[in-house]
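Please take a moment to look at the structure below before reading on.

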Amino acid sequence: MTDAFSRTVSLIGVPTDVGAGARGASMGPEALRVAGLAEVLQAQGLRVHDRGNLAGPSNPWQPPENGYRHFEAVKAWNEALHGAVFDELQQARLPVVLGGDHCLGLGSISAVARHCRASGKKLRVLWLDAHADFNTAELTPSGNIHGMPVALLCGLGPAALTGIGGTTPAVRPDQIRQIGIRSVDPGEKRLVHEHGLEVFDMRYIDEMGMRHTMEQALLGVDDNTHLHVSFDVDFLDPEVAPGVGTTVRGGPTDREAQLCMEMIADTGRLASLDVMELNPALDVRNRTAEVAVDLIESLFGKSTLMRKTAPRA
Ligand SMILES: [Mn+2]
């Protein structure tokens with residue numbers, strides 16, 4: 001048995017929305033727990049260790065300064081998360097980060113990348129999101145750092161953020177595949193092209209289907225690959241998942257999202273996960289958290305299909 005299926009999963013709650021434009025994602029970790037995340041993972045045969053929540057500064061709710069909102073708070077939360085994720089990986093545990101807004105992708109993925117460098121693993125990041133999150137302070141109108149983590153990971157931005165993992169850039173664009181994208185600012189679009197990010201946007205998924213999309217996104221994943229999934233819940237169509245701060249119409253349906261998760265599970269290479277942007281303040285009776293937990297169940301190997309093949313060894 002390897003990776004996801006022999007390991008302890010560590011839940012790391014990061015109750016903050018300092019990077020977001022709406023308050024409420026700070027309640028995400030608890031909503032995922034209430035929706036039964038630990039129990040669902042245990043039912044898959046995984047050991048689950050809930051590390052509780054990290055601590056950090058409260059949300060000061062200030063306007064941007066020099067193009068960034070809450071720069072110091074974002075830095076503090078991401079440094080704390082970086083340390084926590086790296087610790088878990090060093091102990092051969094599979095970290096599941098319960099966000100929190102998506103600015104936390106910086107702390108989480110910089111830790112995963114550092115672990116991959118230290119252990120000689122090949123890194124593949126699947127970024128499931130309605131947005132490319134490739135903004136910079138120069139481009140973003142809002143200054144909300146949850147729109148910038150991919151750019152920061154690729155080294156675009158101030159050293160205090162891009163250098164959190166000790167190596168800048170933390171990741172190369174060719175290690176990232178973005179899936180479900182349907183809302184990109186004009187300047188951001190140009191930057192995404194300049195940096196050669198591989199994007200499977202909704203147009204691609206509509207035309208080619210989720211199966212082909214995932215085959216392409218997973219191309220080259222091998223036994224030495226550390227597969228990280230950064231799951232922004234706004235990846236999903238708002239009909240399925242209303243409880244997010246930045247809904248964008250026209251996302252994957254429940255079945256498309258299930259297939260996406262199942263095909264990731266089939267690789268057997270999932271080694272770390274972020275679940276971001278769930279906003280219980282905007283949800284309907286915790287429905288979106290329950291949808292997210294269902295999808296995470298599929299990501300860890302639950303297949304809804306009756307198959308005659310033996311379960312993964
Ligand atoms: Mn995002």
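Helices (H or I, at least four residues) and strands (E, at least two) are DSSP runs, numbered from the N terminus. The model is predicted, so local features need pLDDT of at least 70 and side-chain atom pairs count only at pLDDT 80 or more, while totals for chains, interfaces and linings use all residues. Residues are numbered from 1 along each chain as its sequence is written.

Begin with strand 7 (residues 225–232), where seven of the eight residues are buried, a residue being buried if 20 or more other C-beta atoms, placed from the backbone, lie within 10 Å of its own. Strand 7 runs parallel to strand 4 (residues 122–128), joined to it by seven bridges, and it also pairs in the parallel sense with strand 8 (residues 270–276) over six bridges; two strands pair if DSSP finds at least two bridges between them. Val-229 in strand 7 stands opposite Leu-126, and its bridge partner in strand 8 is Leu-273.

At Asp-232 and Asp-234, UniProt places the feature "binding site" in an unreviewed entry, and such annotations may be inferred rather than shown by experiment. Asp-232 is found in strand 7, whereas Asp-234 is found in the loop between strand 7 and helix 9. Why does Asp-232 count as buried? Asp-232 counts as buried because it has 26 C-beta neighbours inside 10 Å; Asp-234 is buried too, with 28 other C-beta atoms within 10 Å. Not counting residues up to four places away in sequence, Asp-232 touches residues including Asp-129 and Glu-277, and Asp-234 touches, among them, Asp-129 and Glu-277, where contact means C-beta atoms, placed from the backbone, that lie within 7 Å.

Note on methods
A residue is buried if 20 or more other C-beta atoms lie within 10 Å of its own, exposed if 12 or fewer, and partly exposed in between; C-beta atoms are placed from the backbone. Two residues are in contact if their C-beta atoms, placed from the backbone, lie within 7 Å.
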